[in-house]
Structure formats: structure tokens, C-alpha cells
Amino acid sequence: MEKLVKIILSKLGSILSIYVSLIIFGIISLFDLKIAILPEIGFPKVVVETKFPFAGIEEVEALISKPISERLGSSRGVKSVYAVSEPGSSQITITFANNKDLEFKISELREKLEQTREVLPQNSEKPILSRFDPNSGPFLEMVFFPDKLNNPILLKSYLEENWKPVLERIEGVANLQIGGGYEREILAEIDARRLLAYKLSPQSVGRAVVLSNRNVPAGSVPAGDKEVLVRVKGAASSLEDLGKTVITVGSNGEPVLFGDFTDLKINYRKRSEKALFNGKECVILYFYKESGANPVEVSERILEEANQIYKSSRSEVQFETGFDEASYVKQSVNGLKISLLIGAGLAFLVCMLLLRNFSSPIVLMLIVPVAVFISFFLFWIFRLSLNMMSLGGLAVGIGMLFDNSNVVLSAIERNLEKSQDKLKACISGISETILSVVIATMSTLFVFIPMVFLKTFIGSLFSEMALAISISLLVSLAISITLTPVLYYLIPLMYAKKDSFYSRLFITSETYENHFIEWHKRALEGLIKNPKGSLGWIFILISFSCFSVYFTSKEILPKMETGEFVIRLKFPFGTIRERVEESTIALESFIKEKYQVSNSISRIGKESLSGKDGGLTVDPSSEIRFILGSWYRNSTSKIVESIKRDLFEEFPNLNSNVKYSGDVLSAIVGTENEIIVELKGEDIAELEKIGKKLEKEGSSLPGVRKVSHALGESVMSYSLNFDESKLLRYGWSLDSVGDSLRIATLGGYFSGIELEGKEIPIRLIFRGVDIQNLDSVRNFGIPVGEKSVSISELSRIEEESNYRYLYGIGGQRANFLTFYSEPGKESKVLRGVDQFIKTAEFPTEISVGLQESADYSGVIRELSFTIILAFIVLYLLISGQFESIRVANRILITIPLVVLGAIPFLFIFGRSINASSFVGLIMLMGISIDSAVLFYEYFLIEKSKKVSNQIAAKKAANIILKPVLMNSTTTFVGLLPIMFVLMPGSEFQASMAVVVGFGVILSVLNAIFLLPLLFSIMEEKA
């Protein structure tokens, strides 16, 4: 080993050249690394959407949802299939057991979906399969107002013509939608009486307009030496031309023109969608990024291009950024970088106070940026992005860099005091510690190997952090045994001048250190003399830890404080936009009065076309995005929980849902305060009946805030039951009558006219005076020969209440009962609901059970398995290293105490037990082994001097006291900025930082007290 160290120290120039080259590569790589909030995660979930225009809910369920569910549910690896049917569309969510071979599984689903297409109705649209993405919403929202634009009503069309074509072509933009504003149309209001007088139906009028209002190519004819195209011209170029369109010919051969029975005008159609920014009407551009695109780069391109368009538009519009995900990403990444710098600075101060010179801390500070840039270069090689996980792993790995280098420097300085020769001190110091440093790093590295076996989305999420930690650990190991001694050898020894401020500071530091060393000797002596007394303290620690586990909040993933959240409101089907707008604005005002909101963006209502020539269908819903003030950004999760309580208390009848992008898990598996009970069967009426009963009885359970069942939402409708024999006799069918009624009530789009270079659609609809109420529908006439027949003569009209949605699980119908728990009472409510459904009586054909929350339970099982597997790996590693099971038993029996002892600090700091803290506990096991192995190395050295176990344990504890104290202190202070979330973006690692930070302190106590006690009472061996 000494020969290797001598070779390293004899090649100083080569070592420095290699590291300078790696630093240059790291700086170049930094500019090419992708920046994101979280790594790309392969969620084992896909969604299949199928449109079935104008089909009833039961038809959609029977002809679309059920066949697709049955076919796809038999695919390999499918865990569950949930179907939601509504009039005109079906949505099926398929979840796989894990994300292993996800691409192959999805490919297999696509093949089966193509085969299923053969059994679906011909007039249904092609099913669309898409991968589940919780971040599929807009990542950038730009708000526009008219400035010098002559007519504010033209704002939307102006943006469609001048802004949208340019912005949607930007690399990385997958889709661009426009919300709010006005849209032009040619409104053709039909006079119902005149229409019947001409013996026409709305349907036939629409078809005639489409056939007449177009230009038809008719080949070409020779003209000299050229071919001249021939076309039949029929497209109207003005309203006057459109009115002269011949629809049919009368009995005497006279033409019936379109304008004879319609009133044509250019109109801004009645809106069912509206956009507001801070209460002011506007138009919003919603940008959706491509999968895998860098949100920061795409956002910068969009804003740069938008500024260029604005400069060239003569300020006709004003715009500002309402919401930009990239701003939080940049703040978070920069925050973690600053936290890293602050932590390094604090660690430097601690090293300076403990080492009481300037050269060693300078060495430590020089190797930090070296390690960071080399890690960036390796990130680029392994295609990692800069995100919360990788940067958090890097920060922790850099803490290990201090640990390894501290051990090496402490050994070098101890040998320097003996020999006064720098080169010999470096050789001896590295020779003493290289084995323990390598083993310590490998043991920490090995504890992350079990994370490779994680199959849930948590594995995908934390695998990047594990890889980042592994990279930084290997870099820290290489630096500590190569660059650290080289720099120490090259940098001259620097001490504080006598009677200077630093000299007095170092003297004070040395005084406290000596006091601590003396106290440690006395405490260890007393502990060894009375070993039974330590059992009491261990029992108190275990009891307090178990007590704190019960009271510490638990969640799968920690929430990030993004400073923004969204409230989605859903209203009963048929609610008019004015009512939706009124409720939305009232809620927006309530939130802004009570909380410090800087901006709010509202999207009221949502409309879409029903089929190619259909009328508008309106989704009575709204969405309000709130942006918090910068001072309140770190309280996002608390504000969201408070708003949830307000909604339950102040707006109990409002169907609302609060989401924010920092709550990663709720977007994946649902919110944690919702316990869902599944009811499965074939009789939908029975499912609804049981749902109502359980809803009433379950609302009285302790801790339950509200209960609702999925089939409780109904839609009132009028059903027309026709005598089909009469219809056929008159030459009509159910489809043709339905189309005519739809055009009369909703309207329908047929063809269009190009005016001022833009295609304007033509919308046919009856006049308002013709269709006023149900009586108008009864009197609606259809032409039959020379007369007309009213709907009331051909049908029976009944009022019905239908389901808004129909649900299915696999091939069965289903109802879902949702229990909303009060904050902090999720576990209590879960137990109560479980007991409630077990004691309730149900018909034999109905199966009832809690919704399988394998996403939660599976994560808990896997993380627990990872900790156990990591412990086994460490046990085998230590046993193999020292070739003694007895030694491994004594070292590893103390590790669970350290791990368990770190948990109460989560409760003290108000953090939760989550996946991030689990990773911290796994890491803590490796760190604790480092101190224990270092102790045992020196224990063996002392034992070689033929002394007793007790004396060897005491001397080994005294020797390692300073290096382990320096290691733990530098790691602790380095994690303080993350622990206290001083910068945005640290909240995801805060739980891990608390566990590791206070865990290393416990590992020091373990190494200097508990392990010496255990080894001092070992039986003597020859």
C-alpha cells in the first residue's frame, strides 16, 4: 500500500493535470445538462379514451367500455382496469403491477386495442392510448390583453392569426391551446315555419349547404401549348352569395334559396368559456411541452419569441406570464446550489476550528468544487438531469467527501506531529486510513444496491438519487486518497499569528475540545465500570423512538412548496355558464381576501365540438390557479390544507378539488385523506342503493369530514320514445329525427366562408322564439309529403333522471364510496372504514372492499425490504472483511439503535416519515458503519500491542474521537441549509437531511461510547 501512495505522491503534476481536465469537462457538461423538478418517471399506468358521438351512457358502457376492458384486462402484467363511461365517450385506466418492461407491455396493449377495434361500433372513433403523465398540464400560461387593438373582441382571432402559428412551432412545444375570448361565426337562424312550408328538414338544409358551398375540380383542357385547369365554382365569398345558395326546387320549378328561410349574420357566438386574470377578462395561451423536453429551455425560447413578436406588433396587445413552471425549477435548482455552498462554507468554519490551522480547511474547500464538477461530468455520461433527486444526492455525497478527507487529513496531521516530515506523514496517514476509507465508502455504496430491486414508481424516482449518491461517493473516495494528500503536500502549513483574533479563537476552540475529550474519558470510564446503567438509557431511547413514530405524520412522498395551486370546480350537468362564473368569482374573492395571493388565473367553463358537424357541448366546470406571494411560498402545503378545510366548511355543497404541483403523489395515486371503498356488481340500481345507505351511515364515523358516492351525480333529461313503425312509414329514422332536433336546439356547423383571408364556420340553429321550452320540442314538426307531423304525434315524452357517469372495474359495474378524513386522522379513519364495511351486511351478488392501495402499501413493503436487505448486505460485508461473525454481531447490533434514534428528530422538526426519510435511514446505516469500522481498525491496532480489550477499546475511542467528531460536525452543518429549508427546492430532501444530520451525531455517540463498551467486555482471545 505504501508503494502505491509513494507513486501517487511522486506524480504530483500528473494528478493535478488529470483533475484539471476533469474540471473542464465538468464545466462543459454543466451547460448541457437538462434541468427539471423531478427525473423522468415511468408510471405503470395508461389511459384509453374512445369517443362515441351522440351515444347514450349505457350504449357507451355496453359497446365501448366493457369490450375494451375485457380484452385489455387479460394482458400481461395488468393489475387493475377502471372504466368511466359518460354520454359520448369512454375512459379506461389500466394500471400495471410494476414498471418493469413497461414499453413492451404498452406495445402489447396497442396491438390488442387494434384487434378490439373490430368489435366496436362503426361510428365510434378510434381509441387513443396514452401514457399516464401527472405533469401533462400546461407548464406555461401567458395572459393577453388588448392594448392598441381597435376592437377588443378581435383579440382571440388576432392571437390565432399572428401569435399561435409562430409559438406552436417552437421546439419542445407539443400543443398550444387558447382559452377565453370571442369567436366569429356565420349564424344562420332558421325560421321553423318557413322551413316546414318548403318541406325541408334542418338536416337536408345542412347537407345542401355543404354540397353547394364549395369549389369542385373538373380536370383540365388544352389551350395552345398549355393545360388549363377547369373547376366548378360554388363557394360563397360573402353573406349575400351564401343567401343565394339553392337548397331545393319548389313544385313549380322555382328555386328555394338559403336566405328565403334563414336570417344570416356575422356573429360572435355565445360563449361557454371565459378566462380571467386577477378578475380582468383576458385571453390565455396554454403551452404543453413535449415529453422529455427541458421546461426551462422551452420556456426561455417561448418568451424570447414572444418578445420578438411583441416588438414587431406595434404594441397592439399586452401580455404577461401568468404561470411558468420553469421559474420554480430554476429557483429550486439554484436554491439547492446555494444550500450546497452555504453547507460547504459552514463545514469549512468547523474544520478550521477543529484543526486550528488554515491549510487543511483550504484543502477541503478546494476539493469541493473539484468533486462537484467531476460529478456533473459523470451526470452527463450517465444522462442524469439536474433535479431535486440528483442534486439532493450530490449534496449528501459531498458531505461524505468531507468525511473521507477528514479521516485522511487527521491521520496525516497526527503522523506529522510525530515525524515532522510532510511526505512521510502523508504516506503513513494514507497507509493507515486507506483501507477504512475504502471500506467505509463501499459499505455506504452497498446499502444503495437494494434500491435496484424497487419495482414501484418510487424505485424510478429514487434510483436517480441513488445513482447520484453513488457517483459522488466514488468521486469523494478517489479524491480523498489522491488529490487530498497531493494538495496537503503542496500547500504550505499556515497557522494563525500569535495574539491575533484567529489565534485566540483557536485557543478557545482547543480549550473546549480538551474539555470534551476529558469528559469523554470520564464518561467512558464510568460506562465501562457500570455497563448495566447503559441499558436504561438504551431502553429510554427505544421507547421514545417508538412513541415518536406513532405521532410523526406519515406520507409516501414529501410535498414541495411550489407557491401555486389549482382549485377545480365541477357543477351539475346543464348548469349555465353565468352560474358557473358567479360561483367561481365568489370563491376566488374569498381565497384572495383570506390568503396572500399575488395572481389568480381563472378558466370558466369548457366547450368542445360534438363530432364533425355537431353543435357545442359544454362542460360546466371551472379552474382557478392561484400564485402565492414570494413570502408565503414556503407555506404552500399548509395553505392548501387550510383551503381544503375552508371549502368543506364554507362551501359544503360545492364539488371542488384542490391540487398543486408540489403534491407529486396525489397526481399519481390520489390524495392521502381520501379512503375509497369499492362496490362491485351487475345491478346498477342496487349499487346506487347501497352507496346511498353507506354514505348516510358512514358520515357519522369518527374523523370523517364528508362521504360521497360516485353514482350520486345524476342528469335530468327528457326521453322521446318514438313509434318506429310510424317513423318508417313517413320515411324517417331515429337518427334523422335526432339530428334534426340537435340542430334545432344546439345548432350544428356546416361548411364555412372565407372572409378577409380566414375561414368562418356556418352554424345552423333555430330562432330562439321557435325553441323556447319543452312545448316547443313537442310541437317541433318534421315534413311528411305535403304536410308536417309534430313530434308529439310520433312519440311519448318522459322526464328521466340518468346517471352522469357509469363506472366499471374489470368486467363488472361499480360504485365508489369516498370517505374524506380530517387532517392527521387518515389512519384512524382507515381503520374505522375497514371495520365499518366488515360489519355491514351486503347482498351476496355485491362485493365490497377497500380500494387496493398497492401504490401505498407496495411502497412501504419495498422500502422496508430495502432496509432489511441493506442490513443483510452490511452484515455480510463486515463479516467478510474481518472474517468474524462475532465482530459483525457486535458492530451491527448497534446500527438499529442509531437508525431508530434518528426518527424522533423528524417529529421535533415537524417532518414526516416518507420515502425520502427512508432513503436517509438507509444511508445512515452506511454512515454508522463507517465510524464503527474506523473504531474497530484502531481497536485491532491497539490490541496488537498486547493490551487488554478494555484498554484497547478506550485508546481506540480516544484516537477516533477527533476525526469522527469532525466528520459528524461537518456533515451536520453541511446539511443545515437543507434541514431548515433555507432555499426553495430543499423541501424534498429536508426529511432525509434531518435523519442523516442527527443520525451522524448518534453514530458518533455509538462509536465513542457504545461500541467501546461492547468490545471492552469481549472475552479475551489469544
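Colleague: Which side chain of opposite charge is nearest to glutamate 325, and how far away is it?
Modeller: This is a predicted model. Glutamate 325 sits in helix 11, residues 325–355. It is buried, yet it has no salt bridge. A salt bridge needs the charged atoms within 4 Å.

Colleague: Where is the kink in helix 14 centred?
Modeller: Helix 14 covers residues 422–446. Its 25 residues should span 36 Å at 1.5 Å a residue, and its end C-alpha atoms are 34 Å apart, which agrees. Still, the helix has a kink of about 45 degrees, centred on threonine 433.

Colleague: Is histidine 709 buried or exposed?
Modeller: Histidine 709 lies in strand 21, residues 704–709. Beyond four places in sequence, it touches residues including Glu688, Asn815 and Leu817. Buried means under 20% relative accessible area. Histidine 709 has 9% relative accessibility, so it counts as buried.

Colleague: How many residues has the largest nonpolar core?
Modeller: Phe462 and Phe988 are among the residues with the most contacts inside this core. Those two also are in contact with each other. Apart from it lies another core, of 39 residues, Leu741 and Phe750 among them. The largest nonpolar core has 147 residues.

Note on methods:
Residues numbered from 1 in each chain as written. Predicted model: local features only at pLDDT ≥ 70, side-chain atom pairs only at ≥ 80, totals over all residues. Heavy atoms only, no water. Core = buried A, V, L, I, M, F, W, Y, C linked by side-chain atoms within 4.5 Å. Buried < 20%, exposed > 50% of the residue type's maximum accessible area, 1.4 Å probe, protein only. Contact = heavy atoms within 4.5 Å. Helix = DSSP H or I, 4+ residues; strand = E, 2+ residues; numbered from the N terminus. Lys, Arg positive; Asp, Glu negative; His and termini not counted. Expected span 1.5 Å × (residues − 1). Bend = angle between axes of the 7 residues up to and from the residue.
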